[in-house]
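Please find below a colleague's note on the structure shown here. The points are numbered so that each may be taken up separately.

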Number of protein chains: 2
Amino acid sequence: MKSGATLPAYELVVETYGTLNADRSNAVLVCHALNASHHVAGWHADANGQPLPRSEGWWHSMIGPSKAVDTDKWFVIGVNNLGSCFGSTGPTHTNPATGQPWGADFPVVTVEDWVNAQARLLDVMGIEQLAAVMGGSLGGMQTLSWTLQYPERVRHAIVVASAPNLTAENIAFNEVARRAIVTDPDFHGGHYLREGTLPRRGLRIARMIGHITYLSDDVMNEKFGRSLRTANGDDPADTAELAYRYTTQDVEFQIESYLRYQGDKFSEYFDANTYLLITRALDYFDPAREHGGSLSAALARAKARFLLVSFTTDWRFSPARSREMVKALLENGRDVSYAEIDAPHGHDAFLLDDPRYHQAVRAYFEHTVAGTEVAK
Amino acid sequence: MKSGATLPAYELVVETYGTLNADRSNAVLVCHALNASHHVAGWHADANGQPLPRSEGWWHSMIGPSKAVDTDKWFVIGVNNLGSCFGSTGPTHTNPATGQPWGADFPVVTVEDWVNAQARLLDVMGIEQLAAVMGGSLGGMQTLSWTLQYPERVRHAIVVASAPNLTAENIAFNEVARRAIVTDPDFHGGHYLREGTLPRRGLRIARMIGHITYLSDDVMNEKFGRSLRTANGDDPADTAELAYRYTTQDVEFQIESYLRYQGDKFSEYFDANTYLLITRALDYFDPAREHGGSLSAALARAKARFLLVSFTTDWRFSPARSREMVKALLENGRDVSYAEIDAPHGHDAFLLDDPRYHQAVRAYFEHTVAGTEVAK
């Protein structure tokens, strides 16, 4: 691994959609962001073959039969990253050296490590070259890194709502979230599983901070504004007539119950050590670092064609960061398409069903990815 | 109090600068924000009469002899608010009913309560009318409220980096900070003093969140960027050559040590219950609420002249929020001056020594406040 550590063995959990064609030229790899997984598209069925509620893949709106990324044409691969908590080898698994859960001893993973593991996965699957790699946010960083680590293996790169590295502000938000987890007395230095506890308080705070920064100020005002909690907690009636209760610890505003709910839900399913690892991978990613800070020099290795997409109200991965990548790619003579979508939803927009956004990706797949010859 | 609670007695701690003139017409009240106090200007002296390090008042750059608010002309009053932890009656004081610290039983305070208490203070001081009230952020909210609660007692209102209410995003940040404090096992439902503990973990997280939001992305990139920690922790040498250490729990980036330091320092001196009370006062302030959401209707009572100041990179109290107040005041035919300062420092700018900002305040005092007749 990039840190110098060695992982003696590992498993990656994968989900695929569509059919790999005879010359193995239609594979599209989808890289996930912080709390997502290999379950990219489709849904899970109940005993009667009906969709289970809320079982859709995280990029379900984008990927599927006849969708922007059409699984009738493309063989789409979702992979859960190393260090995650959704099946691939990670901190909740057993460290063979101790027979105990890895916990905080799991090696620090980087975007580059993930890409290397994904490349080995493609070797196992017999896929020499990808028609495209795509991802949003941290998934966009993996996509960019693919074009640098394996330039010959990627024909197209679709980088959505991403950045060539994190700003100080982004690192700062990650750090506060990590401190909330690490200073939770139930964290036990990262060995909470051995102790039979979970640092739920810290995870809740981490998730609440994350949620604020994934949304825009605009969309928060539109969805919640200053509306007060309702009497029964879920009645959507107008609350303008409610009186303040004058409380510091109980819920007063709807935004508070929303955030508490998101925090509670997250703390039930997400592993705290995974949260630390994935936010650190975000912090560390910085391809320009080994090139004296020159992104243009760093991207000189890339051979893929690019589609970049950003969203105007995304303040964590702002359009300015996408434009930096566009500029550096153009300086290297790369083919780049860039769509800056005027959307109110902040960073979350990359997961939502915005027709202009999906149309940009659809058109890119239909006209550019489909029209590109396979390198022989 | 606005909540319906009664406080049997209270003390307010005050610091004044300059001299009240014979007709008591030159008083300027300064209202403080979240973690500030009555110590607005000047500095504390050591045994030799020399300034103690970092003992300057929080608006020292703005207020003093020959400064923008010239204490050779104006009698400036700094007052610590009710519920604070710097001397005025608050949660760390003894509840006379129990003989124990008030803790979480201290009544919820509002901006309106603070203004009422400040008005009583002026009664005691024999000051009928203020030449000006001024404040930044939460202090600006008190200033605005003064013009509505006591329109006859305020000739001028200087509202800096403030808003007529908090947005959902601002309430959200306050709520995460409060949850971090309240879920700290050392919080004990707000009665930590009785238990001999302090919820330092929660306070640290709260302060780290606050600090991120007081700064702009720009200034964070400029001050810290992606620089790594230095070997000895304080050597300002270039860190471009340092290698990543690959750690999730130790400091890797300078922004992390800065935030941890700010959090540690804050947790040593600030009271957790005060933090809850003051952030809640921010959340609750909303003069338009009792006027069907119309700020214009709410501000119809104001009689003062206004100077409003905002800073372009302040994303917690953005210029748009100041412009809302300007518009509502103009709709009521008020005299309003407005300065929007192009400053990189985010919300923190209101505490800093920006010459254009200070010149706007100086000119307002010299030409407008000084030129206004006292109402008889």
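1. Conventions. This is a predicted model, in which local features need pLDDT of at least 70, side-chain atom pairs count only at pLDDT 80 or more, and totals for chains, interfaces and linings use all residues. Residues are numbered from 1 along each chain as its sequence is written, chains are lettered from A and ligands numbered from 1 in the order in which they are written, and side-chain values use heavy atoms, with hydrogens and water left out.

2. Relation of the copies. The same surface serves both, since 100% of the contact residues of chain B recur in chain A; contact means heavy atoms within 4.5 Å.

3. Sheet of chain A. An open sheet of mixed pairing is formed by 7 strands of chain A in the order 1-5-2-8-9-10-11. Strands (E, at least two residues) and helices (H or I, at least four) are DSSP runs numbered from the N terminus, and two strands pair if DSSP finds at least two bridges between them. The edges of the chain A sheet are strand 1 (14-17) and strand 11, each with a single partner strand, so one side of each is left without a neighbour in the sheet. Direction ignored, neighbouring strands of this sheet are turned by 15 degrees against each other on average. Strand 8 (residues 130-136) and strand 9 (residues 154-160) of chain A run parallel and are joined by 6 bridges, with Val133(A) opposite Ala157(A).

4. Helices on the chain A sheet. Helix 1 (residues 111-125) of chain A lies across strand 1, strand 2 (27-31), strand 5 (75-79) and strand 8 of chain A, at about 135 degrees to strand 5. Helix 2 (residues 138-149) of chain A also packs on the sheet, touching strand 2, strand 8, strand 9 and strand 10 (305-311) of chain A, and its direction makes about 145 degrees with that of strand 8. Axes are lines fitted to C-alpha atoms, for helices over the stretch in contact, and angles run from 0 to 180 degrees between N-to-C directions.

5. Strand 2 of chain B. Is this strand (residues 27-31) mostly covered or uncovered? It is mostly covered, with 5 of its 5 residues buried; buried means under 20% relative accessible area, exposed over 50%, and partly exposed in between (1.4 Å probe, protein chains only). Ala27(B), Leu29(B) and Cys31(B) point one way, and Val28(B) and Val30(B) the other. Strand 2 of chain B pairs in the parallel sense with strand 5 (residues 75-79) of chain B over 4 bridges, where Ala27(B) stands opposite Phe75(B). It also runs parallel to strand 8 (residues 132-136) of chain B, again with 4 bridges, and here Val30(B) faces Met134(B).

6. Core. The largest nonpolar core has 240 residues, and those with the most contacts inside it are Trp59(A) and Trp59(B). Such a core is a set of buried Ala, Val, Leu, Ile, Met, Phe, Trp, Tyr and Cys residues joined through side-chain atoms within 4.5 Å. Not counting residues up to four places away in sequence, Trp59(A) touches residues including Val30(A), Val40(A), Met134(A), Phe350(A) and Tyr357(A).

7. Annotated site. The UniProt annotation "binding site", from an unreviewed entry, covers Arg207(A) and Asp348(A); such annotations may be inferred rather than shown by experiment, feature names are shortened, and positions are given in the numbering used here. The two span 142 residues in sequence, yet no two of their C-alpha atoms are more than 13.9 Å apart, so they gather at one spot. Arg207(A) is in helix 5 (residues 200-214) of chain A and counts as buried at 9% relative accessibility. Asp348(A) lies in the loop between strand 11 (336-341) and helix 11 (355-369) of chain A. Beyond sequence neighbours within four places, Arg207(A) contacts residues including Asn35(A) and Tyr214(A), while Asp348(A) contacts Tyr214(A) and Leu215(A).

8. Asn273(B). This residue is in helix 8 (residues 272-284) of chain B and, at 4% relative accessibility, counts as buried. Leaving aside neighbours within four places in sequence, Asn273(B) is in contact with Pro91(B), Gly103(B), Ala104(B), Phe187(B), Gly190(B) and Tyr192(B).
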